[in-house]
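The sequence and structure come first.

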Amino acid sequence: MTDLAGQVNIGLATIDDGITFPAYVIDSKRPALAHIRDLAALSGVDAYTDSDGKLVFQAFTAGNIVHDVDYAKQILALEVDRWAGTDVAVKAWGESPTGTAGADAWGWLIKDFSSSAGTAGSGTPVFVLERSALRTADAAATAASAALRDLERRAVRGRVVMPGRAEVKLGDAVRLRDVPIDGFDDTYQVRRVVHRVTKDAGFTTVVSFAAIPSEVLA
């Protein structure tokens, strides 16, 4: 990741270790941002630029800062969607025999995938993750867990409009309080932040948020 960011002259902030790939092809058909997003999705980390324009490649935990957002006090508008279909499982496979034949075998195709399966979750249905970059069992396990967490984030997604709060940033969390609907008072991951200044509304902050997977909270 450090090398990829350097090639496109992006400064670095916090960079977590992702999957160790025996080989990963960077092609010119897609921009560097697309490759960074793919690597982040497979490794289970968030990728974004901070307020200084530097790349953050970091797994979300409890939130750098948790911002309290009280209904009828700091909420101008609130939209929340629930999705009940998050009790699922994800399965992925490492596609090479590097575990038994060594790192130089990364380009080979394994005959029996049973020993290189990576699974996460125990529900149904089972989602199959197929990515040619996943060459090892460890990579498959990491990618399966990352995909499951991404699906669990969809359990609750929403959008809140507040009087301007410039302190809210990506990597943070918001804690909704006193919402007059059962089950919505909780802490959520900030997924998108838009600050606006208009003549009619003044300074407002729009935060898109998502559920925090139980594995992250554990």
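## Pockets and a loop glycine

By class, nine nonpolar, five polar and three charged residues line the second largest pocket. Nonpolar means Ala, Val, Leu, Ile, Met, Phe, Trp, Tyr, Cys and Pro; charged means Asp, Glu, Lys and Arg; the others, Gly among them, are polar. The model is predicted: local features need pLDDT of at least 70, side-chain atom pairs count only at pLDDT 80 or more, and totals for chains, interfaces and linings use all residues. Residues are numbered from 1 along each chain as its sequence is written, and side-chain values use heavy atoms, with hydrogens and water left out.

A pocket is an open set of points on a 1 Å grid over the protein atoms alone, where a 1.4 Å probe fits, with protein on both sides within 12 Å along at least five of seven lines; lining residues have an atom within 4 Å of a point. A volume is the space filled by probe spheres set on the points, which are joined across faces, edges and corners.

| Pocket | Volume |
|---|---|
| Largest pocket | about 940 Å³ |
| Second largest pocket | about 340 Å³ |

Among the 17 residues lining the second largest pocket, Met-1, Thr-2, Ile-19, Phe-21 and Leu-39 are closest to its centre. Helix 1 gives the largest share of this lining, four residues.

The largest pocket has 39 lining residues, with Arg-37, Asp-38, Ala-40, Ala-41 and Leu-42 nearest its centre. Its lining divides into 22 nonpolar, five polar and 12 charged residues.

Gly-53 sits in the loop between strand 2 (46–49) and strand 3 (55–58). Helices (H or I, at least four residues) and strands (E, at least two) are DSSP runs, numbered from the N terminus. Gly-53 counts as partly exposed because its relative accessibility is 44%, where buried is under 20%, exposed over 50% and partly exposed in between (1.4 Å probe, protein chains only).
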